[in-house]
Every structure is written in structure tokens, then in C-alpha cells.
Amino acid sequence: EETKVVIIGAGVSGLTLATFLQKSGVACVVLERRDRAYTETRQRAGVVDARAVQMFERWNMADRLLSGPVAQTIDYRLNGHSRIFEVAGEDGSPGRFCTQQMLIINLLQELIDNMAGDVRFEVTDVVIQNEEDQHPLVSYSDASGSHQIRCDYIIGCDGDRGVSRASIPQGILTRYSHEFGYAWLAALVEAPVTGNPIMGISDYGCVAQLPRGPHRSRYYLQCALSDGHEDWSDERLWNEIRLRLSDNAIENATVHDKFFVPLRSVVYAPMQYRNLFLAGDAAHLVPPASAKGMNLALFDIDILSKALLGAILDQDKTALENYSDTVLPHIWNYQDFSVWMTDMMHDAGDPGQHGTFRQMTARARLDNLFNSPTAARMHSEYQRGTN
Ligand code: RFL
């Protein structure tokens with residue numbers, strides 16, 4: 001079997017790329033280890049930033065794939081004292097509220113149901129052969145047996161633990177990483193955000209509440225790296241939320257899931273090797289405080305889709321050869337923003353980690369967003385993803 005592009009992973013990056021290629025008439029096959037129902041129920045990100053909205057608009061797909069505009073406000077709440085930051089938008093559309101789950105459901109509908117795209121679920125044993133001066137070969141198995149697909153390009157969209165990056169020989173990639181030394185407990189609850197999305201900072205640790213639909217929200221609470229489910233009963237969760245937000249009126253609600261995310265930032269460079277190109281979490285991770293993981297995956301795909309179309313439709317490989325060099329400066333810029341957000345939210349609160357001196361400088365950094373139009377403008381650009 002032959003095709004132009006094999007994409008490994010049907011997450012945000014893989015499905016967005018496949019949809020753009022299919023729309024442009026380029027043959028591609030997506031290989032996904034989970035079943036369709038599973039990929040449609042994974043609940044993670046909630047906001048598509050303005051830059052990513054503009055990409056979907058260029059493809060004439062924003063209204064079909066994304067929900068309505070997102071709140072352009074953030075309640076930075078320090079020990080119960082609210083200050084509302086307004087994200088200033090100078091050019092183009094605002095970000096949109098759209099859970100990752102909803103984006104995946106819409107992409108699958110568009111790609112498979114409307115455009116007859118080729119997505120193969122529940123595949124196992126994906127093996128990549130990516131030799132010099134040869135067409136790459138991807139082998140995999142499914143319920144009907146083992147298969148091989150020859151192609152021009154392989155795109156690794158299979159997340160941090162996938163096979164694509166792991167197939168690159170030792171010594172080619174550099175791994176840059178930073179461990180923050182604490183974790184976030186992520187809890188999806190049956191209670192909406194009633195006012196503005198909250199980034200809460202307190203002497204007891206940080207807490208964020210972000211919208212996840214009309215009836216649900218996601219709380220994030222700073223916790224120890226060693227914490228697990230046994231440390232966080234639902235009762236403790238709600239008590240800590242009330243304490244950290246200084247709001248005793250918050251009532252307990254159903255908790256749908258709870259999991260623990262160690263905070264770390266990672267970049268692998270370069271993001272390509274021969275005819276294999278990495279995108280999204282396969283190439284970089286950011287801590288959730290910045291809400292940029294999904295948006296950086298979409299940024300990679302914006303650049304990579306144009307580069308692939310240039311190579312395949314116009315026989316011009318320049319952009320593809322420069323893919324990694326083109327995207328990495330943007331990735332590093334947003335890594336820096338993610339570190340800024342994460343450090344500011346943690347250091348300004350509980351002084352246990354870095355002490356009272358850093359607590360005061362982090363609070364000064366937060367104040368600056370409200371006192372300096374220049375700082376506010378830069379923060380807005382990061383929130384929108386446009387700088
Ligand atoms: P995905 O979406 O994880 O998709 C990878 C796909 O590859 C499949 N796969 C394989 N398929 C075949 N063979 C193999 N060997 C395979 N190995 C893996 C997987 O089953 C899956 O379908 O990666 P992608 O496309 O790079 O997208 C990245 C985003 O999903 C990720 O960055 C975000 O979810 C990060 N993230 C957030 N990003 C935001 O922009 N805003 C947020 O508010 C936000 N919140 C979050 C998040 C991530 C979280 N997790 C994962 C800890 C909240 C959480 C809790």
C-alpha cells in the first residue's frame with residue numbers, strides 16, 4: 001500500500017493536519033492506537049487561542065470546528081482579592097471556547113464523515129523505517145493482521161509517549177527540560193465558572209478554575225509531587241478550593257475525575273529527522289498554567305501543513321527542510337511564557353517553595369500587569385498567541 005503522508009496519532013495535531021491535507025487533495029493515512037469513542041472522550045484543554053482561530057479561519061473551518069468566543073477576562077485572585085485582567089485584542093478574532101474533546105469530535109466528523117478521510121483506529125505495533133534516500137515505510141498491526149504503508153513523509157503526532165520520537169536514533173535529538181518540583185491536581189467538576197475564569201494565588205498554594213462547558217469546570221490545585229488519590233478526598237478538594245479562593249459560599253459538587261500532573265517543561269530539538277517530522281506533545285510539553293499545550297500543537301501544524309503542501313504540490317521542499325528552525329523560536333517564546341505564568345502563580349502564593357523574597361517579587365510581577373499598559377499588552381499577546 002502507498003500514500004503520500006502517514007500521520008501517527010489522532011489527537012489534535014494529527015487530526016488537524018489530516019483534515020488540512022485531505023481538504024487540499026493530498027492522500028494521507030492516520031494511525032491511532034485507541035478506538036474512536038475513546039479519542040472523543042479525552043477531556044483536556046478548553047481554549048483555542050486567537051492565533052489558532054485565525055488559522056482555522058484561513059482554512060474556512062473555524063465556525064464548523066470551534067464554539068463561540070471565549071471570555072476575554074482573567075480573575076487573578078490573590079488571597080481572595082480579585083483583579084480582573086482584560087485581554088486586549090488589537091487585531092483579528094478573539095480566542096474561542098472549545099474543549100479539546102469538542103474539537104476532536106468535530107475534526108473526526110469533518111475528516112471521516114464529511115470528507116471520507118482514512119483514519120485507522122486500534123492499531124498496534126507501529127514501526128517506522130526512515131532510511132536515508134528511501135521512501136519511508138510504516139508497519140502496523142490491527143485485528144485483520146499486519147500491514148505496511150510506503151509513503152513520502154511520516155508525521156509523528158503521537159504525544160510524549162509515542163513511537164515516532166522514540167524511532168529517532170540516539171544522539172540526533174537534544175532534550176531540554178525543566179522540572180518545577182511540584183504537581184497540579186486536575187479535577188473536572190459538575191459546576192460551571194460563574195464569573196470570570198480564575199487564576200487564584202494564596203498563602204495555601206495556587207488554584208485555578210477554568211470553564212469546560214455550560215455545566216462543568218476544571219479546577220487545578222498546586223500539590224506535592226508525591227501526592228496521590230489517597231491524599232485528596234473530594235471533601236479535602238472542596239475545602240482547599242474554598243480556603244485558597246477565600247470563598248466559603250462555594251458548594252461541593254460532583255467530581256468527575258481527578259488526576260495528578262507533575263509540572264515540567266520539555267523541548268526536543270530538532271523536530272525532524274530525514275522524512276520524519278514531529279508535532280505537538282511529541283516534540284514539546286508545557287505546564288498547564290499557560291493553557292498553551294494544545295495551541296502550540298496547532299501552531300506546529302499551521303507551519304507543517306503549509307510546508308508539506310509546498311513539498312508535495314509545488315515540489316518545493318524549502319519550508320519543509322526549515323520546519324524545525326521555523327517553529328522552535330515560537331515554541332521557546334511560549335515555553336518562557338509558561339515558565340513565567342507557572343513561577344508567578346506558585347511563588348506569589350505559598351512561600352514554602354522559594355521563600356518570602358521570591359513571594360514579594362512574584363507579587364510585584366503580578367501587580368505590573370495591572371499597573372503597566374506595556375506589561376498588560378505583552379501579557380495579552382501571549383494569551384492570544386499572537387506574538
Ligand atoms: P495528543 O492529543 O495526546 O494525541 C496523541 C495521539 O497519539 C496516539 N498515540 C498513538 N497512536 C498510534 N501508535 C502509538 N504508538 C501511539 N501513541 C500515542 C494517542 O492515543 C493520541 O490519540 O497529542 P497532540 O496532538 O500533540 O496534542 C497535544 C495536546 O493534546 C496537549 O498539548 C494538551 O492537551 C495540553 N493541555 C492543555 N493545552 C492547552 O492548550 N490548554 C489547556 O488548558 C490544556 N490543559 C492539557 C490540559 C493536558 C493535560 N494532560 C494531558 C495532563 C490539561 C491536562 C490535564
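Q: What should the 15 residues of helix α5 span, and how far apart are its end C-alpha atoms?
A: This is a predicted model. In it, α5 covers residues 100–114, and at 1.5 Å a residue it should span 21 Å. The end C-alpha atoms are 20 Å apart, which agrees.

Q: Which residues of α5 are buried?
A: Gln100, Leu103, Ile104, Leu107, Leu108, Leu111 and Ile112. Seen down the axis of α5, the buried residues fall within an arc of 130 degrees, so they line one face of the helix.

Q: What covers the buried residues of α5?
A: The cover includes the helices α1, α2 (36–41), α4 (62–65) and α7, along with the strands β3 (47–48) and β7 (118–120).

Q: Which residue just after α5 has a positive phi?
A: Ala116, with a phi of about 55 degrees.

Q: Switching to the ligand. How many residues surround it, and which are the closest?
A: There are 35 residues around the ligand. The closest are Gly9, Gly11, Ala45, Gly280 and Gly293.

Q: What is the make-up of that shell by class?
A: The shell around the ligand has 16 nonpolar, 12 polar and 7 charged residues.

Q: Which helices each supply at least two residues of the shell?
A: α1 (12–23) and α7 (293–313) do. The largest share, 4 residues, comes from α7.

Q: Staying with α7: is Leu298 buried or exposed?
A: Leu298, which is found in helix α7, has 25 C-beta neighbours inside 10 Å, so it counts as buried.

Q: What is Leu298 in contact with, leaving aside neighbours within four places in sequence?
A: Val12, Thr16, Ala52 and Met55.

Q: Last topic, confidence. What is the mean pLDDT of the chain?
A: The mean is 95, and 100% of the residues reach 70 or more.

Q: What ipTM and pTM does the predictor give the complex?
A: The predictor gives an ipTM of 0.97 and a pTM of 0.97.

Key. Residues are numbered from 1 along each chain as its sequence is written. This is a predicted model: local features need pLDDT of at least 70, side-chain atom pairs count only at pLDDT 80 or more; totals for chains, interfaces and linings use all residues. A residue is near a molecule or strand if its C-beta atom, placed from the backbone, lies within 6 Å of it. Ala, Val, Leu, Ile, Met, Phe, Trp, Tyr, Cys and Pro count as nonpolar, Asp, Glu, Lys and Arg as charged, and the others, Gly among them, as polar. The expected span of a helix is 1.5 Å times one less than its number of residues. A residue is buried if 20 or more other C-beta atoms lie within 10 Å of its own, exposed if 12 or fewer, and partly exposed in between; C-beta atoms are placed from the backbone. The arc is that of the directions from the helix axis to the C-beta atoms. Two residues are in contact if their C-beta atoms, placed from the backbone, lie within 7 Å. pLDDT is the predictor's confidence in each residue, from 0 to 100.
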